[in-house]
Amino acid sequence: MRSHLLNETTAELYRRSATEAVERVAAHIAATKRPFTGVSPDELSPAVDAIDLDRPLGDTSAALDELEEVYLRDAVYFHHPRYLAHLNCPVVIPAVTAEAILAAVNSSLDTWDQSAGGTLIERRLIDWTAGRIGYGPTTADGVFTSGGSQSNLQALLLAREETKTDGRTQHPADLRVFTSEASHFSVQKSAKLLGLPPESVVAIPVDHDKRMQTVALAHALERCEAEGAIPMAVVATAGTTDFGSIDPLPEIAALCARYGTWMHVDAAYGCGLLVSPTRRHLLEGIESADSVTVDYHKSFFQPVSSSALLVRDGVTLRHATYYADYLNPRSAPVPNQVDKSLQTTRRFDALKLWMTLRVMGADGIGELFDEVVDLAAEGWKVLAADPRFDVAVEPQLSTLVFRYIPSDVTSPAMIDRANLYARKALFASGEAVVAGTKVGGRHYLKFTLLNPQTTVADIEAVLDLLAGHARQYLGDSLVHAS
Ligand SMILES: *Cc1c(COP(=O)(O)O)cnc(C)c1O
């Protein structure tokens with residue numbers, strides 16, 4: 001069994017195995033005609049269940065053959081131009097190449113003595129991102145995380161620890177977190193993990209464009225003070241998951257300053273604007289935030305996971321610092337990233353962004369992101385001109401939320417069912433993948449455009465497919481009703 005350990009005697013087997021895996025994936029990617037085969041869990045699970053995990057196949061080729069049947073053949077392929085569902089981007093080759101390096105060398109970024117140069121590379125990327133945000137070069141800091149959810153959790157941990165209570169004991173029930181009703185659910189989840197009761201998260205209404213209403217935020221902060229509660233944090237969103245809307249950051253910053261409240265900006269999606277050659281101004285005010293979530297795996301075309309939390313004052317990261325004699329003793333004179341992280345053993349995900357910047361440069365990423373934002377603007381025009389659809393919000397980023405509205409059906413519940421059916425039927429056909437969400441209690445469909453290869457013609461074709469499925473559903477139900 002030692003022949004499977006990667007070491008100086010097995011380098012040749014490693015080269016052959018890795019090459020074979022890459023060949024197979026490349027073949028799939030080159031031959032993908034649809035984003036999905038439409039396979040159902042019922043169809044696929046018998047094949048997975050039938051595999052006896054206690055009887056190994058012995059070699060990589062055989063295991064790859066088997067994997068064809070249970071994964072590669074039916075996977076959902078995000079690189080296909082008609083994958084339009086969630087915040088999954090096609091990935092850039094320099095980053096995928098970096099994955100091969102970081103898995104094989106297997107550095108762990110918790111301590112210098114497990115990573116050496118990896119630690120320095122991560123720190124440079126944190127400083128680079130901080131610079132893009134507009135933070136001061138000496139005081140800002142941050143750390144790579146597993147994703148936006150973890151970044152938001154850590155941000156709220158820091159916010160709670162930094163909350164001034166004027167000598168009073170801090171009771172979780174007295175703390176308030178303000179966030180828009182369109183923000184990500186990880187804000188509520190984080191509050192729960194931090195021991196705050198559900199009522200502590202106050203949902204601020206949004207305007208017509210799904211941006212936080214700052215007048216409502218001002219009232220909520222006033223009420224909080226009047227009730228003797230403590231405003232622990234305001235979580236603004238720069239790019240809401242459904243609508244790509246960007247909360248008014250400068251106004252929110254002013255309110256946070258007035259109430260001494262921690263300002264967190266969740267830019268998990270909108271962070272792509274940090275490198276946009278034409279749209280960086282949409283993030284104005286982000287430099288006032290105490291902390292910022294960025295998901296490079298959403299809008300920097302990076303493979304999962306690649307994310308970070310940035311903080312304006314690096315000293316605040318001490319709230320995540322614990323010492324272990326065996327790992328990072330207090331007096332250690334070397335840089336240990338574990339002092340700043342919720343994780344201990346941690347992947348060298350930063351290498352992917354590093355390779356991307358070294359090969360393509362920041363403008364290269366930003367231009368790709370600009371292309372999908374432009375595409376969404378074009379798509380909005382198509383939808384607005386099409387009487388078959390109602391489109392919810394003119395996009396600031398790259399999502400389109402819309403609903404099929406037949407002229408001859410008036411029941412909103414029936415229209416809901418037709419839209420739900422259209423999404424499901426499209427998924428089962430594998431021709432395209434779209435998402436769904438709710439607006440004002442009604443079922444809508446959603447395109448998340450992150451693929452610069454997608455064209456307006458793709459958008460039009462998928463709209464026709466959706467309308468066809470919805471039409472078919474309505475036709476069938478009318479037949480059944482009569
Ligand atoms: C996706 C998303 C998150 C969560 O990020 P993960 O990387 O999926 O954990 C948080 N906030 C927003 C606005 C998001 O779109």
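**Exercise 1. The interface of domain 2 and domain 3**

Determine how much area is buried between domain 2 and domain 3 in this predicted model, and what carbon and sulfur atoms give.

Solution. 
1. Start with the bounds: the protein chain is divided into domain 1 (13-81), domain 2 (99-360) and domain 3 (363-481).
2. The area buried between domain 2 and domain 3 comes to about 2,200 Å². Carbon and sulfur atoms give 61% of that area.
3. In terms of residues, 29 of domain 2 are in contact with 22 of domain 3.
4. Between the C-alpha centres of these two domains the distance is 32 Å.
5. The salt-bridge rule finds 3 salt bridges across this interface.

**Exercise 2. A salt bridge**

State what the side chains of Asp-374 and Arg-279 form, and at which N to O distance.

Solution. 
1. Take the N to O distance for Asp-374 and Arg-279, which is 2.5 Å.
2. The cut-off for a salt bridge is 4 Å, and the two side chains meet in one.

**Exercise 3. Aromatic pairs**

Classify the ring pair of Tyr-296 and Phe-300, and state whether each residue is buried or exposed.

Solution. 
1. A pair of aromatic rings is described by two quantities, the distance of the centres and the angle of the planes.
2. The whole structure contains 8 aromatic pairs.
3. For Tyr-296 and Phe-300 the ring centres are 5.0 Å apart and the planes stand at 85 degrees, so this pair is edge-to-face. The cut-off for that class is over 60 degrees.
4. Tyr-296 has a relative accessible area of 0% and is buried. Phe-300, at 1%, is buried.
5. Elsewhere, ring pairs join Phe-389, Phe-402, Tyr-404 and Phe-447 in a cluster.

**Exercise 4. A charge over a ring**

Identify the ring over which the charged end of Lys-210 sits, and give the distance.

Solution. 
1. The ring belongs to Phe-243.
2. The charged end of Lys-210 is 5.1 Å from the centre of that ring.

**Exercise 5. Cysteines and disulfides**

Solution. 
1. The count of disulfides in the structure is 0.
2. A disulfide needs the sulfur atoms within 2.5 Å.

Terms used: Residues are numbered from 1 along each chain as its sequence is written. This is a predicted model: local features need pLDDT of at least 70, side-chain atom pairs count only at pLDDT 80 or more; totals for chains, interfaces and linings use all residues. Side-chain values use heavy atoms; hydrogens and water are left out. Rings of Phe, Tyr and Trp (its six-membered ring) pair if their centres lie within 6.5 Å; planes under 30 degrees apart count as stacked, over 60 as edge-to-face and the rest as tilted. Buried means under 20% relative accessible area, exposed over 50%, partly exposed in between (1.4 Å probe, protein chains only). A charge sits over a ring if NZ of Lys or CZ of Arg is within 6 Å of the ring centre and within 35 degrees of the ring normal. Domain bounds come from an automatic or database domain assignment. Contact means heavy atoms within 4.5 Å. Buried area is the accessible area (1.4 Å probe) that two parts lose on being put together, summed over both.
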